[in-house]
Amino acid sequence: MANPIVSVIMANYNAADYVEAALKSVLAQSVSQIEILLSDDASTDTSVAVAHRVAATDGRLQIITSDTNAGPAAARNRAFDAATGDWIAIVDSDDIVHPQRFALMLDAAQNLQTDAVADDLTYFMDSTVQPGGTLLGKTRPTAPEQLTAKTFVSSAPDAPQLGYLKPMIQRTALDNLRYREDIRIGEDHDFYMRFLLNGGRMHLLPESYYLYRRHAQSLSYRMHPDDVSAMIAVQDDLLTSYPDLPADLLADFAARRAALQEPLAFETLVQHIKNRRFGSALQDVVRKPALIGKLGNVAKAHLTRRFKPTVQQPPAFPSDPDKWTLQDWAELSAPRSS
C-alpha cells in the first residue's frame, strides 16, 4: 500500500495456533491504511503457511522470512527496516487487538503531541479474560501520563514491567533506533529506555485495547541466572552509552541493579538444587538465609496451582473481533478495587 499510516511489526516464531487470529484482528482495524510486516524467525511449524493463506486474501500483509533463528529483536529489526508507515505499532503474533485501537491511539497521540503512545495490556488465556487482570493493574493512570526513563527504571516492588508495553511510535522519532540483537531477555525494556534517553516522548493511556496472551508455560516460567545477569549487563552497557545522566536517575539505576541481585541469587539457588549441586545450594543459603523463606513460598504456590480445582470459564469475548464493544472491553480491563 502506498503511504500507509501505520506499519505493524509482528515478530513470529512457531505461533501457528494463534497467528491467524492476531493477523485478522489487525486487518480488522478501522484505520485501513496499514501494512503488516510479519517477520518470521525461522519457525518450524506451519505458522508461515497460515500467514500466507491470510496474505492471499489481503495484500496489506507482507511476510519476511529468515533461515536463521536469531531471536525476536532481530526479527523486529528486519521489519523495522522494511517499514514505510508514518507510525510503527508493535503487535505480537499470539495477541489480539481491538479493531479501534489504532484509531484511538492515533487520536491520542495527536492530542498529546507525543512521539509514542502505549496502552495497558489485558491478560487472557485461551478465550478467557479475567476481569481486572492487566499489566498495570492498580497502577494504571486515570489520565494520559508521560513516561520517562525514570519511570522505566523504577525498582519499586509494585512497579509494573513496562518493557512489556506494545506502543505505537512515530517512525521519524526513532531516528534509526533498533533493538539489541545480542540479547533475548529485556530487549524491549532496553529499546524503550534508549528511545526515551534519546529524547523521545512517550505517553501511557488510561485504557487497554490490547489482549496479551498468557500461556500455561509462561505462568510457570523461571528465568535462568544467565537471564538476570544479562539484564544487569544490559543496564551497565546503557550507563556506559549515556555517561551524563542526572544524579537522581543514576541513583534509580543503582537501586534497580541492587534489586536485580535478589532474583539473581534466588535463581542461582534454584539452578543449584535442580542440578543436585546441594553443596553450592547450601552455600547460597548460608550467604543469604532469606532465600529459604522465598523458596518455601515458591513451593507453596506450586502446590496450590497443582492441586487447585480447574474451573471452566466461558469466553469473555465473542470469537469475531468485529463484535467487541469498547464498553465490554473497558469493563473487563478496569483495575480491580480490591
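**Reading helices, strands and salt bridges**

Visitor: Which residues are buried in helix H1 (residues 19-27)?

Guide: In H1, the buried residues are Val19, Ala22, Leu23, Ser25, Val26 and Leu27. Buried stands for under 20% relative accessible area, exposed for over 50%, and partly exposed for values in between, using a 1.4 Å probe and protein chains only. Helices (H or I, at least four residues) and strands (E, at least two) are DSSP runs numbered from the N terminus.

Visitor: What should I know about the model itself?

Guide: It is a predicted model, in which local features need pLDDT of at least 70 and side-chain atom pairs count only at pLDDT 80 or more, while totals for chains, interfaces and linings use all residues. Residues are numbered from 1 along each chain as its sequence is written, and side-chain values use heavy atoms, with hydrogens and water left out.

Visitor: Back to H1, then. What do its buried residues pack against?

Guide: Contact here is heavy atoms within 4.5 Å. The partners of the buried H1 residues are strand E1, strand E2 (34-40), helix H2 (47-55), strand E3 (61-64), strand E5 and helix H4 (101-112).

Visitor: How do I read a pair of packed helices?

Guide: Two packed helices are described by the angle between their axes and the distance between the axes. The axes are lines fitted to C-alpha atoms, for helices over the stretch in contact, and the angles run from 0 to 180 degrees between N-to-C directions. Take helix H3 (residues 72-82) and helix H7 (residues 187-197): their axes are 10 Å apart and meet at an angle of about 45°. H3 and H7 are therefore oblique to each other. On this scale, under 35 degrees is roughly parallel, over 145 roughly antiparallel, 65 to 115 roughly perpendicular, and the rest oblique.

Visitor: Which residues make the contact between H3 and H7?

Guide: H3 brings Pro72, Ala73, Arg76 and Phe80, and H7 brings Glu187, Asp188 and Phe191. Sorted by kind, the contact of H3 with H7 has four nonpolar residues, no polar ones and three charged. In this sorting, Ala, Val, Leu, Ile, Met, Phe, Trp, Tyr, Cys and Pro are nonpolar, Asp, Glu, Lys and Arg are charged, and the others, Gly among them, are polar.

Visitor: Now the strands. How many residues of strand E10 (residues 202-213) are buried?

Guide: Of its 12 residues, 11 are buried, so E10 is largely enclosed by the rest of the structure. To read its neighbours, look for pairing, which takes at least two DSSP bridges between two strands. Strand E6 (residues 116-125) pairs with E10 in the parallel sense over eight bridges, with Thr122 opposite Leu211. Strand E5 (residues 96-97) is antiparallel to E10 over two bridges, and Ile96 also stands opposite Leu211. Strand E8 (residues 145-147) runs antiparallel to E10 and is joined to that strand by three bridges, with Glu145 opposite Leu204.

Visitor: Which residue of helix H10 does Lys150 of helix H5 bridge at 2.4 Å?

Guide: That partner is Asp252. With Lys150 in H5 and Asp252 in H10, the pair ties together parts that are 102 residues apart in sequence. Elsewhere, salt bridges that share partners join Arg76, Asp92, Lys166, Glu187 and Asp188 into one network. Lys150 also meets Asp248 in a salt bridge, at 3.8 Å from N to O.

Definitions and conventions
A salt bridge is a side-chain nitrogen of Lys or Arg within 4 Å of a carboxyl oxygen of Asp or Glu.
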